[in-house]
Each structure stands twice: as structure tokens, then as C-alpha cells.
Amino acid sequence: MELCVNTKLSFRGAAANVKVYTISESVCDEVSKIIDDISFSELMNLVRRHGGCEITSDDPLEIRTCDNEIEVIVSPANLIARMGWGKAVSKARENCEGC
């Protein structure tokens with residue numbers, strides 16, 4: 001997989017480093033279209049379009065789509081994010097039921 005996106009996203013003071021790896025340029029283009037205004041729901045919609053997802057690690061949070069076309073790696077970038085990390089991982093687990 002190739003690195004498609006490497007950015008920092010913020011929400012209510014919590015910041016996270018986000019890296020998205022994809023298997024092809026067309027999939028990267030699909031990710032790039034939503035990354036500027038990405039939200040948790042947009043990320044989950046993207047994952048659903050690729051057959052669902054599984055979580056392979058909690059810290060950093062690693063999410064892989066079931067079709068193996070996208071891998072998302074998220075890590076807390078500040079103390080506020082670190083404090084709420086368990087809740088973020090739980091929310092991701094609720095939405096990633098495995099392949």
C-alpha cells in the first residue's frame with residue numbers, strides 16, 4: 001500500500017494524526033475527495049463502501065477495510081485526544097464489526 005493522506009484533524013480541541021494508505025491511485029482519489037471535511041461518519045461511510053472493516057490495533061488505531069484497499073492509522077496528537085482515546089476506540093469498534 002502507498003501513503004495517500006498524511007494529515008492532522010481536530011475536533012473540539014482534540015487533535016489526531018491520520019494516515020491513510022491505499023492500494024491504487026483511484027482509491028486514493030476517492031479518499032482525497034472527502035479528507036478535507038472528513039468526519040467520523042464520512043470515514044465510516046467510506047469504509048462501508050469497501051465492504052466494512054476490522055480493527056487490527058487500538059493504539060495507534062488501525063482500521064483496514066475488508067476488501068484490503070484502504071488502511072487508516074489514527075493516533076492522538078495532543079493530551080485532550082489522549083484522554084478520550086478509549087472512547088474513540090470504542091466508537092470505532094462499534095462501527096467495525098470485522099470481516
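Is Arg-82 buried, partly exposed or exposed, and what is the relative accessible area? Arg-82 is partly exposed, with a relative accessible area of 40%; here buried means under 20%, exposed means over 50%, and partly exposed lies in between, using a 1.4 Å probe and protein chains only. The model is a predicted one, in which local features need pLDDT of at least 70 and side-chain atom pairs count only at pLDDT 80 or more, while totals for chains, interfaces and linings use all residues. Residues are numbered from 1 along each chain as its sequence is written, and side-chain values rest on heavy atoms, with hydrogens and water left out.

Salt bridges come next. Side chains of opposite charge can pair when their charged atoms come close. With a salt bridge taken as a side-chain nitrogen of Lys or Arg within 4 Å of a carboxyl oxygen of Asp or Glu, the count comes to 4. In one of them, the side chain of Arg-82 meets that of Asp-59 at 2.8 Å, N to O. Asp-59 sits in the loop between strand 3 and strand 4 (61–65) and Arg-82 in helix 3 (residues 79–83), so this pair ties together parts that are 23 residues apart in sequence. Helices (H or I, at least four residues) and strands (E, at least two) are DSSP runs numbered from the N terminus. Asp-59, at 45% relative accessibility, is partly exposed.

Asp-58 also takes part in a salt bridge, here with Arg-93, and the closest N and O atoms are 2.6 Å apart. This pair links distant parts of the chain, with Asp-58 in strand 3 and Arg-93 in helix 4 (residues 85–95), 35 residues apart. Asp-58 has a relative accessible area of 35% and is partly exposed; Arg-93 is partly exposed at 42%.

A further salt bridge joins the side chains of Glu-71 and Arg-64, at 3.3 Å from N to O. Glu-71 is buried, because its relative accessible area is 12%, whereas Arg-64 counts as partly exposed at 23%.

Attention now turns to a histidine. His-50 lies in the loop between helix 2 (40–49) and strand 3 (53–58), and its 7% relative accessibility means that His-50 counts as buried. The side chains of His-50 and Glu-30 are joined by a polar contact of 3.0 Å. Beyond its neighbours within four places in sequence, His-50 is in contact (heavy atoms within 4.5 Å) with several residues, among them Val-27, Glu-30, Thr-65, Asp-67 and Ile-70. A polar contact is a pair of N or O atoms within 3.5 Å; within protein, one must be able to donate a hydrogen and the other to accept it, and residues adjacent in sequence count only if both atoms are side-chain atoms.
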